[in-house]
Amino acid sequence: MTNEDNNTAGSNRTGKEIVGRRTFLGATGAAAVTTSLAGCLGGISGGDDDVFRIGHLGPTELEMGLGAERSAQLAVDELNENGGVLGRDVELLSEDTGGSPTEGERVTENLIQQDNVDLLVGTFVSEVTQGIIDFVAEMDVPFLITGSADPDTVTENHGKEYDHYKNVFRTGPINSDLQAEGMAGYAAYLNEEYGWENFSILADDAAWTTSFRDILPTQIEATDGLSVVHEDRMSVETDNFTPFLDDADDADADVVFRFIAHGGAAAFTSTWAQNEYPFALEGVSVPGMSPEFWDATEGACLYETTSQSGAGGVAPLTDRSMDFVDAYEAEYGDEGPPSKPMYMGFNSYDAVLFYAEAAATADTVDYESNLDAIVDAILDLEFTGAAGEVSLYGPDSDYPHDVMETRTEDGIISNFPITQWQPDGDDGVVECVYPQADATADHVEPEWL
Amino acid sequence: MSSATDRLSTVTGRLDQSLQPLADGFNRLFGDYVGELNGLQFVLVFGSLAAVLTAPFWGTFGLVRAMTVAAIWAIFAMSWDIQSGYTGYISFGHSVLSGAAAYTTAMLIHNVDPGLSMAVTIPVSILAALVVGLLIALPSLRLSGPYFSLITFVAVLIFYRLIPSFSAYTGGETGIQSVEVFTYDPIARYYYMIVPMLVVAVALTFIARSNIGLILVSIRENEAAVNAAGIDATKFKIFSFALSSIPMGIGGVLLVHFTGGVDPTTFIAVDRSIEMIAMAVLGGMSSILGPLGGAFFLIVLRDYILTDLANLSSPARWTIFWALVLAVLVFVRDGLFRKLWHGLERYGRGRT
């Protein structure tokens, strides 16, 4: 019974009264004094040493996050070989966000408050980015986003309260509003190549697909003759995709643009391939970006495409691309998947080097007193990274501090590569198929079409 | 008593004797309300209190942050305890109550007026937790046996699914991230959470050790006898649920102003309810301070010892977390802190 805790024998009821009360009051008084003393947390280490610390945030249990962590380390090694950042040694502290906002907040606070990082790089899941952004803005630590592409991150923050969020940037990938426009350009290209006219859009019910659901249909239909004949959202827990694919089939779709980021992507692909649905499978599939996806789907991913920043590490997008991929393979080739850096790896690698160059121009990494000089240097920088050219939009644009898209002479977005799984004997191989300037092979249509 | 324990208690007994005057002071002032302590127990209670109150001065950032989170979860675990632990009507749905308060705060800011002051949102949110608590309690607590637990369990599942269904107002899976935090200063933030926790702990201990607590325990032990004594057991069960809802609301409000936003996974998912139960069980059900200790133990372990110190991956952390709860269920069913408490009582020999 509970109350047996109370049933302590009531002895010593008399005497020693003065001692007892005085001791008691003394104890409470001491506690009160201690609480009113505002001091420093004992464990905080000094940040004024000669090490430039970079905090990397990502879901490192996933291939995407692990590839990014490794790539950031490669960039750090490269900097250290060349004298560090403004003469300081560079150190990478990588934390696993677990893809959850709560865990993301915890590790970010640790990195900033305890480890005193000078730069934050990363975040893959939009929800994590949005969960930590207020805190990071408050602390003024420069933060380069390299994974999540949600435009709200800048439009809802920098767009409304620029000064507060000016330490936050995205150096890649281009945001999903721009990706939607890029995808519409790709739709027009497919139409030219094959005459495909009817498009279906199937998107995860998640924050990152908002632009593809809201903007992409209008963008596709802006091209004469193209129409979106079917649209639907898929709950992230969906594991049976037959109804969605049947609907797309019934609507007479020539192409299904699917936007999928969770493990169900393999089931989606297999359902499509085994039933030989009469349409091409295009769009964005995050699991499909894995260099190991061929084995995971036992080849069912043949002919499917996905857009991915960095083009899967198969195309020389810039002079730096293949050197980076080679360095990655040399360092981590034997250490298990991912065997290539994946898109966030490209962007994290670029972000670290991008910041180092900006710091050299600004001649400071002291964000507490010289944040404006750092921000100016970042906004002025035109940088060639492994994934492409990186320049950022200024404060007054629609997407402040977001990476700019590059365009061809015809105005088509060109830093938006699409890769396809193509046959290679009995095996599959990733080829870059779009934009044509970067393509390593022609787009191939499924043989059953 | 074996000879080893015998010898040990000669030492501890003497220690206890020397501490007894301190405990007596406490007993004379408060013994009638919260029960009496021997010397060793006094040191445990006030030593822990002093440690908790001074943590920012000796703890590392990671430890203090974990203790900040633990303070909020301690409120949840104690609130769960006053209802489920005491009456024996186990609720699997307490995260709905904290979630209701947190979502009320966030939705008021998101849908009504971003400038609403905390003076408005906080009381309204706590009230919302109470209303939701009564909505669940009124129909379900008339039932006995496992049906109450099942209904609370289903209530969480329904609430969890309702959030994405009204995503225009609730922010869906992403939730609403525009809630202001109390402060980002780690020290001030710590006291923002610790002070309400201590108030809740004192209030609930006081109630639990009063006649109301006695009736709640009697319901657990023999509900028919309570009714036969002319006390309406159902009324007290509903009362205990309402009593539990208010601190759940307080905890929910603290949590939303800690994280700066709500989302269904952090606030509603049934896992959160089970974690509250785990903390209460590990500390010792139906003792209020046991669940408080359980919350600190488990969260400091999970968010500090296994992460900052041992550097384990998140799946490994959770596995250890649940394995430990299982071990306590098997070997120390009354809870770690109750075991410790009675141990001190025995070794103290304070009142033989």
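This is a predicted model: local features need pLDDT of at least 70, side-chain atom pairs count only at pLDDT 80 or more; totals for chains, interfaces and linings use all residues.
Student: Which residue just after helix 3 of chain A takes a positive phi?

Tutor: Asn116(A) does, with a phi of about 50 degrees. Helices (H or I, at least four residues) and strands (E, at least two) are DSSP runs, numbered from the N terminus. Residues count from 1 along each chain as written, with chains lettered from A and ligands numbered from 1 in written order.

Student: Why is helix 3 of chain A described as largely enclosed?

Tutor: Because 13 of its 14 residues are buried, with 20 or more other C-beta atoms within 10 Å of their own, C-beta atoms being placed from the backbone.

Student: And the strands: which way do strand 13 and strand 14 of chain A run?

Tutor: Strands pair if DSSP finds at least two bridges between them. Strand 13 (residues 418-424) and strand 14 (residues 427-434) of chain A run antiparallel, joined by seven bridges; Thr419(A) stands opposite Cys432(A). Their hairpin has two residues between the strands, and Gly425(A) there takes a positive phi near 65 degrees. Strand 13 also pairs with strand 10 (residues 305-307) of chain A, antiparallel over three bridges, where Thr305(A) has Gln420(A) as its bridge partner.

Student: How confident is the predictor in the complex?

Tutor: The complex receives an ipTM of 0.83 and a pTM of 0.85. Chain B averages a pLDDT of 91, with 98% of the residues scoring at least 70.

Terms used. A residue is buried if 20 or more other C-beta atoms lie within 10 Å of its own, exposed if 12 or fewer, and partly exposed in between; C-beta atoms are placed from the backbone. pLDDT is the predictor's confidence in each residue, from 0 to 100.
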